[in-house]
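Could you walk me through this structure, one feature at a time? I would like to learn how each kind of feature is read.

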Amino acid sequence: MSSHDAVTDAANPAGPGTDSGTDSGDKRRWIALAIVMTAAFMDLVDATIVNIAIPSIERDLGASFGAIQWITAGYALAFAAGLITGGRLGDIYGRKRLFLLGTAGFTLASALCGFAAGPEMLVASRLLQGAAAAMMVPQVLSIVHVTFPAHERGKVFGLFGAIVGLGAVSGPLLGALLTQWNIAGLEWRPIFLINLPVGIAGLLLGRKYIIESKAPKALRLDLVGVLLVTAALLMLIYPLTRGRELDWPMWGHLMMAGSLPVFGILVAYEKYKTRKDGSPLVELSLFRVKSFAAGIAVQLTFGIVMGIFFLVWTLYMQIGLGWTPLRAGLTGVPFSIAVSVAAGLSVQKLVPRFGRKVLQAGALTMTAGVLLYLFEAGRYGTGISSWQMVPPLVVMGLGMGLIVAPLTDAVLSEVPREHAGSASGLINTTTQMGNALGLGLVSVVFFGVIDDERLGRVPAETGAAFVDAFQNSLGWVTGVLAVIFLVMFALPAKPKQHLEGGDDEPAPQTGVEKEPALTH
């Protein structure tokens, strides 16, 4: 999953006509690799580290539940809106330049998050952090592609996948430890401040060791498209997150309804942009490919599942059950390990033999895990233990691993090669949009069933209310997974392995760049 899920031009990240690798005897390229992978690791950890600290942030800043949702959804929204543009800016102005600019912005935003005086400042800083990540992340695999010769890239991309897996496992644990230790009385703030020394080191070393590269035939920017996408998503997600607190005002319903015509205007403008200069933000012709259109639907709905589950899971364990951040973080370790194991098996062994059936088996397996979790949450109530959670979490993790690793390649398999970069960027953007939408829906599926009068009276009533809300959320997750299973029938039965990254070297495996679910 990405350095973020996301490299906008992963199928040919270097861009046409770009130098395909530096001298293999230049040892500086390994330092450059360490720099960009550290940045990717920092971004991935930041995605998974925040959820575990959410209850601590809520208590310390007195943040409303709507603000809590925006602390996570704001990052995903800003990241999604800027992802494709960030890749194009790197192609036009230089990937090294944009990587360093994005890293500087990410580091500054991390400092602002760490020193936030209130929930409003933290939400604004997270939006800035997501926008900076959208500049930094798309350059990572592009820089790797132009830094290493073709014969070394397989080893490098394998290492990249290992870093991603490590980040997925270590993020929640690191967040739990930093929050639990309450370093210098800062409580949750070190989860952001830890990025400062890493970011500064990346800037200093990156200036010296990363080589500059551009795409000679880079596409033009489509800032109008970015504004339209952002406006439509804000009109949909903002009323969702604020609606419950404001007793669902009429303007909220009107905004959500108004997002549909804005999406329509976006489609019309993208058609015009295609005719004008051939550089639309969204390549609409891709949706004529049935497998791609279905895959985008799967990515969107899977992002919704992940956005809902990971936030409500944290709230359930720490506020509902009263667990410490460290206990909650450790409880999630079996899940992360199961995801990593199943992801490796699915790509290397299962998908080449069984194709689409592996992804569908993953959806069914994940559904079984969710149903088992729902049963256990009801049976044991607030007395449930970490050990009792292990079986459903392992089953869910195995199912998720079977999906996330091969999904992107399955979606791209029938896309014309000349549109592979645009398609890859759109897939990753859609996943983040789904994640933001899922986080917004938490107001409905989780907080919407909590009786405010029960909260804060006695711990037992608060715990029972959160258990009920968690079960309701799992019911919604089950329904969305059923939709995902059905839509997967439109994916190709056996993905074609024809996308290349140049020099007869396979393209980076976009499907293993980041576990989307552990997202922001």
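Q: What should I know before I start?

A: This is a predicted model, in which local features need pLDDT of at least 70, side-chain atom pairs count only at pLDDT 80 or more, and totals for chains, interfaces and linings use all residues. Residues are numbered from 1 along each chain as its sequence is written, and side-chain values use heavy atoms, with hydrogens and water left out.

Q: Which residues of helix 10 are buried?

A: Buried means under 20% relative accessible area, exposed means over 50%, and partly exposed lies in between (1.4 Å probe, protein chains only). In helix 10 the buried residues are G252, M256, G258, S259, V262, L266, E270 and K273. Helix 9 (223-243) is included in what covers them; contact here means heavy atoms within 4.5 Å.

Q: How many aromatic pairs does a search of the whole structure find?

A: Rings of Phe, Tyr and Trp (its six-membered ring) pair if their centres lie within 6.5 Å; planes under 30 degrees apart count as stacked, over 60 as edge-to-face and the rest as tilted. The search finds 18 such pairs. One of them joins Y269 and Y272, a tilted pair with 5.8 Å between centres and 50° between planes. Both tyrosines belong to helix 10, three residues apart, about one turn of the helix. An α-helix has 3.6 residues a turn, so residues three or four places apart point the same way. Y272 is partly exposed, with a relative accessible area of 40%. Elsewhere, F65, F446, F447 and F466 make up one aromatic cluster.

Q: What sits over the ring of W323?

A: A charge sits over a ring if NZ of Lys or CZ of Arg is within 6 Å of the ring centre and within 35 degrees of the ring normal. Over the W323 ring we find the charged end of R327, 3.8 Å from the ring centre.

Q: Which residues touch the most other members of the largest nonpolar core?

A: In soluble globular proteins, nonpolar side chains tend to be buried together. A nonpolar core is a set of buried Ala, Val, Leu, Ile, Met, Phe, Trp, Tyr and Cys residues joined through side-chain atoms within 4.5 Å. The largest one has 106 residues, and F292, Y316, Y373, F446 and F470 touch the most other members. Helix 11 (residues 290-320) gives the most to this core, with 16 residues. Another core, of 28 residues, lies apart from it, and A32, L83, I143 and V144 are among its members. Leaving out residues up to four places away in sequence, F470 touches F309, V312, W313, Y316, Y373, A377 and F446.

Q: How many residues of helix 11 are buried?

A: Helix 11 is mostly covered, with 26 of its 31 residues buried. From first C-alpha to last, helix 11 reaches 43 Å, close to the 45 Å expected at 1.5 Å a residue. G322, with a positive phi near 75°, follows helix 11.

Q: Where does E187 lie?

A: E187 lies in the loop between helix 6 (150-181) and helix 7 (190-193). Its phi is positive, about 55°, although E187 is not a glycine. At 30% relative accessibility, E187 is partly exposed. D247 also has a positive phi without being a glycine, near 60°. That residue is in the loop between helix 9 and helix 10, and at 65% relative accessibility D247 is exposed.

Q: Is L178 buried or exposed?

A: L178, in helix 6, is buried at 6% relative accessibility. Not counting residues up to four places away in sequence, L178 touches I49, I183, E187, P190, I191 and I194.

Note on methods. Helices (H or I, at least four residues) and strands (E, at least two) are DSSP runs, numbered from the N terminus. The expected span of a helix is 1.5 Å times one less than its number of residues.
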